[in-house]
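Visitor: Could you show me how to read the way two chains pack against each other?
Guide: Gladly, let us look together.

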2 protein chains.
Amino acid sequence: MSLPEGLATPALMVDVDVLDRNIRRMAEASLSQGFALRPHAKTHKCLQIADRQLLAGARGLSVATISEAEAFARGGVDDLFIAFPVWPDADKARRLRRLADEVALRVGAESVEGVQRLGDAVRGSARPVEVLVEVDSGNHRTGVPPGSAGEVGKAAMDAGLAVAGVFTFPGHGYGHDAQARERAARDEERALSEAARTLRDLGLDIQVVSGGSTPTVGRWQPGPVNELRPGVYVFNDATQLALGSCGADDLALAAAATVISVPAPDRFVLDVGSKVLGADASPWVTGHGYLPRFPQATVGGLWEHHAVVGLPAGVEGPRLGSVVAVVPNHVCTPVNLADELVVVQGREVVDRWPVAARGANT
Amino acid sequence: MSLPEGLATPALMVDVDVLDRNIRRMAEASLSQGFALRPHAKTHKCLQIADRQLLAGARGLSVATISEAEAFARGGVDDLFIAFPVWPDADKARRLRRLADEVALRVGAESVEGVQRLGDAVRGSARPVEVLVEVDSGNHRTGVPPGSAGEVGKAAMDAGLAVAGVFTFPGHGYGHDAQARERAARDEERALSEAARTLRDLGLDIQVVSGGSTPTVGRWQPGPVNELRPGVYVFNDATQLALGSCGADDLALAAAATVISVPAPDRFVLDVGSKVLGADASPWVTGHGYLPRFPQATVGGLWEHHAVVGLPAGVEGPRLGSVVAVVPNHVCTPVNLADELVVVQGREVVDRWPVAARGANT
């Protein structure tokens, strides 16, 4: 990633050529094998990137919250899946109903009570809301065991909702070795197949069998799963690089940071901290980010507005006042901290994209 | 902290009575011993809280960035210290000059080149900009060794800047035991005294000797240090509770979260994650937060929009759909993620305060 001259720091930069290549590659790889692609937009929260994903062939977007769905609906996206077991309180019920009048809406569910509330919330909406039952494929976060999908599916039918499919998040695919990722992809396939079968046994027309995170997505063979929801691939990050699911040339986002202090030859301090890079630790990265120009450096200390970067003996660091790029450990967090992304092509700033769904957590 | 009925989650709540008590106590403790109080506003980023601090007797505010200073200046605060070694690029130089025309401005510095650029930036401003030399008192982040303060001070004089004092951040005072905090406070005192002496030896009129984080602030005795800059004390957090620098009744901020899943009797899942609570690990807290109603619970898993909370055997958890409070590990990060704070008194929502300086990182 090249650094434009005169960029005020700290700032999040996106290399638009790398971004476009990442989007195109994922679309080609998914669509050529017959998968529908529904990228997770929580990673970028930008209308401009959503448009690029849809233009490349994505069927719609996945989002994490109702307010993310609202932001993308305002931007003209008309096919949205809230990949989260929404619990509609009074406010959320009103907003879900409004969304259901405007866009093709799918919502995640994993409890009988949850779908009952969801049914109450969207009853009589202009378009039928589709439910996808969340299945736990080994990550042990939310989702029912595959064999229990039927209970949720039945409750959804009783609540007047269309049950369109099943989904899972294979978070345990973030393993260091290819075998762990392979195993997670197989777990995912097995869990989704069983859940889909359970629902079909109830007479439901299960159209959507949805899985896939960025690390597992390349592991797929066409089979029972027919929709993929990767998110991070648009930008990639230091974790994906360490996992081997991308190369250094595929890193599309970095923070531009100024060297504000050089206390000793073996370390320097940057004007970025957890309020720019996020504070996500990564079991696969030593420290708090990756510096493409100083790949041997370690961001050993991270405060809110300081990053202390260590260098091995004999490696020359940057000069006081110079600007360097830092690729975050986990890209979804820093994007949600920024009001805009500075769009870079070559060494030029060509645009600034608002992070339209920043802070859209409800 | 009481939970109001019908609050849409996730949301950050501030208990205004606890907040006011925290502000009053810190002001009384500091002022009664003759310290000037200049609280760090990066913790709250709210004009309403700044006003309360100033009303309680704070002399001005500390901030971390020029854009935080701009936000508080717009809100009417006229005495601001940017407690950071600012490196003025072209954009920052323009903005510093504008600030210097409007408010009493102090800026941190710790390099000869940094103060030279600062001098160029603010030359001819309506009010003289004062420099405070940053000293490393043992935290090893930024700041010069105490004996080197003179070089920076001399360069500042040469650049036409007024050198008003010295400051440090005793980050190593975040130790588990009282002795570590005591030692950090003594380190701080020693380093600041030496740096101040070095500058006075140059003939400079050193007025400000500034230190103090929330954990060390209670450790002070009047002496060479004459200004304190605690930040976190307004809200406190799970780390301060674990360190013993506050009690459970002094926690003024928590995230309100809904129980969206109860997969087993020993755990439940909340609709808050790192995009609400922040992802700061704390060496003094097991997990990612503290639940006042379930003090034995551990937030063992944190994703962007999910917190998986574990319970010890025999402890009954909350029901699906109920709302619980989660106190974050480190309060400065979640506040910077939220657009507003929901102000609670008793069980009523009495106001909503915009986080005016949210994302103000440049």
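Guide: We will go through the chain pairing and then the domains. This is a predicted model, in which local features need pLDDT of at least 70, side-chain atom pairs count only at pLDDT 80 or more, and totals for chains, interfaces and linings use all residues. Residues are numbered from 1 along each chain as its sequence is written, while chains are lettered from A and ligands numbered from 1 in the order in which they are written.

Visitor: How many residues of chain A are in contact with chain B?
Guide: Two residues are in contact if their C-beta atoms, placed from the backbone, lie within 7 Å. Here 47 residues of chain A meet 47 residues of chain B. Helix H11(A) gives the most to chain A's side, with four residues; helices are DSSP runs of H or I with at least four residues, numbered from the N terminus.

Visitor: What rotation superposes chain A on chain B?
Guide: Two copies of a chain are related by a rotation about an axis and a shift along it. Here the rotation is 180° with 0.0 Å of shift, at RMSD 0.0 Å, with superposition by least squares on the C-alpha atoms of residues with pLDDT of at least 70 in both. The copies are thus related as by a two-fold rotation axis. In chain A, Ala279(A) has the C-alpha nearest the axis, 2.7 Å from it.

Visitor: Into which domains is chain A divided?
Guide: Domain bounds come from an automatic or database domain assignment. Chain A has domain 1 (18-234) and domain 2 (240-330), with 34 Å between their centres, taken over C-alpha atoms.

Terms used: Helices (H or I, at least four residues) and strands (E, at least two) are DSSP runs, numbered from the N terminus.
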